[in-house]
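Student: I would like to learn how to read a structure of this kind, feature by feature. Could you take me through it, giving the general idea before each case?

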Amino acid sequence: MSSQNPVFIPGPTNIPESIRRACDIPTMDHRSAAFPPLFERAKTGVRKVLKMDEGEVILFPASGTGGWEAAITNTLSPGGKVLAAQHGMFSLKWIDLCQRHGLDVEVVKCPWGEGAPVDRFAEILAADTGHEIKAVLVTHNETATGVVSDVAAVRAALDAVNHPALLMVDGVSSIASMDFRMTEWGVDLAVTGSQKGFMLPVGLAVVGVSPKALAAMEGAKLSRCFFDFRDMLKLGTPYTPAVGLINGLGASCDMLLAEGLDNVFARHRRIAEGVRAAVAAWGLRPCAVSPALYSDTVTAIVLPEGVDGNALVRHAADAYHVAYGAGLGEVAGKVFRIGHLGMLTDVMALLGIATAEMAMADMGVPVTLGSGVAAAQDYYRTNKAAPVQAAA
Ligand SMILES: *Cc1c(COP(=O)(O)O)cnc(C)c1O
């Protein structure tokens with residue numbers, strides 16, 4: 001008997017069977033005529049998921065971190081000034097990557113649990129009349145804290161002072177699960193990876209590149225080779241592409257688009273609301289400091305003083321074979337995270353909530369068994385799932 005349970009980590013996510021099969025194809029010569037249609041199908045699907053009306057989609061055999069590196073090295077030059085907020089482990093790591101590439105990062109430190117500080121960004125951009133700042137970095141969904149930031153508001157802050165900086169967005173844990181509008185929000189570089197909202201194994205960095213970013217590429221002097229957009233655009237496949245994953249990406253986009261992006265986002269919202277109802281019933285609170293910041297893909301739950309979140313996550317894995325996310329960086333030990341993105345239904349969410357209750361009770365968190373489950377059940381009963389779509 002299989003003891004395989006779904007995972008409740010915010011990536012890698014559970015893989016639908018049909019997508020797993022789509023990745024499992026015989027060896028294909030990527031120089032043969034069979035590859036281009038498969039490649040185009042994936043890129044066309046990604047354009048729709050990113051809501052891109054213009055620009056290019058570039059796929060690297062890498063993880064999301066490779067996408068960060070590609071975004072900056074293709075569009076910026078050594079010493080270039082970048083504006084970024086540090087409000088969680090992922091925003092912190094992207095800043096670190098920029099610094100290691102010799103960029104001059106103006107870091108706005110915010111309490112973890114808050115979103116990108118739009119007002120502060122607006123002040124800094126308004127004061128930068130010489131346009132020293134070449135890029136603004138936004139982590140759309142801070143996976144460490146379960147906080148979503150307002151990308152459109154950052155775009156508005158740039159536009160309000162006609163600032164020409166590129167807008168770079170880490171959408172690794174939001175894209176394909178939460179609303180994302182590359183063209184409408186004026187995003188110049190959008191980064192994600194295959195193993196989160198796209199429900200694939202890890203191995204593809206997915207980058208959306210705007211026409212403005214393509215223009216910046218021509219003068220960008222940071223060194224790059226493996227991640228050079230120019231080779232990708234000229235040759236399509238300057239080295240061996242991850243053919244199986246690319247086939248899986250096409251299948252994933254088809255699956256998301258068949259469900260309908262709005263339905264996908266509504267499903268994530270509904271599942272997340274159930275998880276949040278459970279958290280409230282436990283007498284606990286999300287790390288995100290206000291409801292407008294609540295992520296629909298991951299909830300970081302603040303534990304009572306004296307309970308070690310990392311031990312809780314280890315215990316859930318050992319005792320119940322269910323994976324949750326541990327706290328990272330500043331919130332290590334203080335929170336644990338329930339990932340609720342990708343291939344998930346409300347019924348699966350109930351499993352994750354029920355098991356979290358058992359693990360918390362075992363670790364001495366004063367929760368009443370069944371309280372979170374009941375709260376989520378109430379929410380799901382009164383907000384029923386959309387009818388199941390016929391298989392495409
Ligand atoms: C997972 C994640 C990353 C890192 O992606 P990898 O694929 O692990 O390299 C970056 N940013 C965010 C917001 C993430 O959730």
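Student: Which strands form the open sheet of four strands, and in what order?

Tutor: Strands of a sheet pair through backbone hydrogen bonds, either parallel or antiparallel. Here four strands form an open sheet in the order β10-β11-β13-β12, with antiparallel pairing; two strands pair if DSSP finds at least two bridges between them, and helices (H or I, at least four residues) and strands (E, at least two) are DSSP runs numbered from the N terminus. The edge strands, each pairing on one side only, are β10 (285–286) and β12 (325–326). Before we go on, note that this is a predicted model, in which local features need pLDDT of at least 70 and side-chain atom pairs count only at pLDDT 80 or more, whereas totals for chains, interfaces and linings use all residues. Residues are numbered from 1 along each chain as its sequence is written, and side-chain values use heavy atoms, with hydrogens and water left out.

Student: How many bridges join β10 to β11?

Tutor: Two bridges join β10 to β11 (residues 298–302), and these strands run antiparallel; Arg-285 stands opposite Val-302 in β11. Helix α10 packs on this sheet, touching β10, β11 and β13 (335–339), and its direction makes about 5° with that of β11. Contact means heavy atoms within 4.5 Å, while axes are lines fitted to C-alpha atoms, for helices over the stretch in contact, and angles run from 0 to 180 degrees between N-to-C directions. Helix α11 (residues 309–320) lies across β12 and β13, running at about 45° to β13.

Student: At what angle do the axes of α9 and α10 cross?

Tutor: Two packed helices are described by the angle between their axes and the distance between the axes. The axes of α9 (residues 243–259) and α10 (residues 261–281) come within 5 Å and cross at roughly 85°. The two helices are therefore roughly perpendicular to each other, a term that covers angles of 65 to 115 degrees. Leu-256, Leu-257 and Glu-259 in α9 meet Leu-261, Asn-263, Val-264 and Arg-267 in α10.

Student: What is the order of the strands in the open sheet of seven?

Tutor: The order is β1-β9-β8-β7-β4-β2-β3, and the pairing is mixed. β1 and β3 (104–109) stand at the edges with a single partner strand each, so one side of each is left without a neighbour in the sheet. The twist averages 20° from one strand to the next. Four bridges join β2 (residues 81–86) to β4 (residues 133–139), which run parallel, and the bridge partner of Val-82 in β4 is Ala-135. As for the helices, α2 lies across β1 and β9 (204–209), running at about 120° to β1, whereas α5 (residues 118–127) lies across β2, β3 and β4, running at about 175° to β4.

Student: Which residues are around the ligand?

Tutor: Among them are Ser-63, Gly-64, Thr-65, Trp-68, Phe-90 and Asp-170, a residue being counted if one of its heavy atoms lies within 4 Å. An oxygen atom of the ligand is 2.6 Å from an N or O atom in the side chain of Thr-65, and a polar side-chain atom of Asp-170 lies 2.6 Å from a nitrogen atom of the ligand.

Student: Where is the cis peptide bond, and which residue has a positive phi although it is not a glycine?

Tutor: Most residues other than glycine have a negative phi, and most peptide bonds are trans. Here the peptide bond from Gly-11 to Pro-12 is cis, with omega near -5°, and Pro-12 is found in the segment before α1 (17–23). Lys-51 has a positive phi of about 55° and lies in the loop between α2 (35–50) and β1 (56–61).

Notes:
Parallel < 35°, antiparallel > 145°, perpendicular 65-115°, else oblique. Polar contact = N/O pair within 3.5 Å; in protein donor to acceptor, adjacent residues only side chain to side chain.
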